[in-house]
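Look over the sequence and the model below.

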Amino acid sequence: MQLIEKTDDLRHELAALRSKERIALIATMGCLHDGHISLIRKAKRLADVVVVSIYVNPLQFSAEEDLDRYLRPFAEDTRRCEAEGVDLLFHPESLFATPEPMVTLHVQTLGECLCGRFRPGHFDGMLTVVNALFNIVEPDLAIFGEKDWQQLSIVRRMVYDLNMPVAIASAPIMREENGLAMSSRNQYLTVAERKRATCLFQALTVMRKACLAGETNCVPLLAMATTVLRNEGLDAEYLEIRNSNTLKPISTIEADAHAFIAVRINNTRLIDNMALTKTLQKGE
Ligand code: AMP
């Protein structure tokens, strides 16, 4: 594995490979866990050259968010990438010539709901960086996790709207045994908080089970999930059922009904999501 810190060096390495090899990109903010590793393994199956980027993107954090405390265990991340057979690990100090790029991307409706409502500017910052990475790496394929469903939807839409020559693939949510979706931010949680945090998965599962048993009205479904959270003394930042493709809100269950949840446990914000009309696949 080659560790590369400069954009020009990465371009140079990839130029030699581009004509013969299929290149996959996995964009991460580091602090790698098995969720990230599942994306790397999928990339290894689908491409010849796997590029992982580790860049804690300041553009997607607002002033009061956790940019400074975001964990950066770079030596351990490097070791994991090496063990997984990553070809190029890209770890730039900055992706931009100036600290604040003057030209950025903006997503409209898809970026205004769910996390976008509570993290203004987050998806614009994410898109600006993903676009910069696509321009540098020019991957044939990029893989994103379904854990960040709204991010995945917005990236797909960027590629569609702006005619970007890259295929977007997704990988299912990797969870702990108790259902907690793996996340770099889980490391902020105490043991007791981690246990409480499983209620996100339980709230989603309660809705999925009721849907599979025939409930089609979203009001009682959301009420059931709210009760699961309240039993842990938690209120959702958002708890919503939407169409999985359009992210439009729905009131009656349809084929692509999908539930989304965000909860704060002390200072840690956790998100999760689940398809309501499909049984879970192994590993989800
Ligand atoms: P992050 O480092 O949090 O920006 O995430 C980098 C990529 O890993 C994104 O595409 C995430 O959706 C994906 N990812 C994060 N957690 C998980 C998980 N538990 N399962 C699957 N993919 C994940």
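A residue is called buried under 20% relative accessible area, exposed over 50%, and partly exposed in between. E138 has 46% relative accessibility, so E138 counts as partly exposed. The model is a predicted one.

**Two loop residues**

E138 sits in the loop between α5 (122-137) and β5 (141-145). C31 sits in another setting: the loop between β2 (23-28) and α2 (34-46). C31 counts as buried because its relative accessibility is 2%.

**The nonpolar cores**

In soluble globular proteins, nonpolar side chains tend to be buried together. Here, the largest nonpolar core holds 44 residues. Which of them touch the most other members? They are L10, V51, L95, F134, V137, F144 and I168. Several elements give two or more residues to this core, including α1 (7-17), β3 (49-54), α6 (149-161) and β8 (257-265). The largest share comes from α5, with ten residues. Domain 1 (2-171) and domain 2 (184-275) each supply at least three residues to this core.

Take L10 as a close-up. Leaving out residues up to four places away in sequence, L10 touches I4, L88, F90, I136 and V137. Another core lies apart from the largest one. This other core has 29 residues, among them L180, L239, I253 and A257.

Note on methods
Residues numbered from 1 in each chain as written. Predicted model: local features only at pLDDT ≥ 70, side-chain atom pairs only at ≥ 80, totals over all residues. Heavy atoms only, no water. Helix = DSSP H or I, 4+ residues; strand = E, 2+ residues; numbered from the N terminus. Buried < 20%, exposed > 50% of the residue type's maximum accessible area, 1.4 Å probe, protein only. Core = buried A, V, L, I, M, F, W, Y, C linked by side-chain atoms within 4.5 Å. Domains from an automatic or database assignment. Contact = heavy atoms within 4.5 Å.
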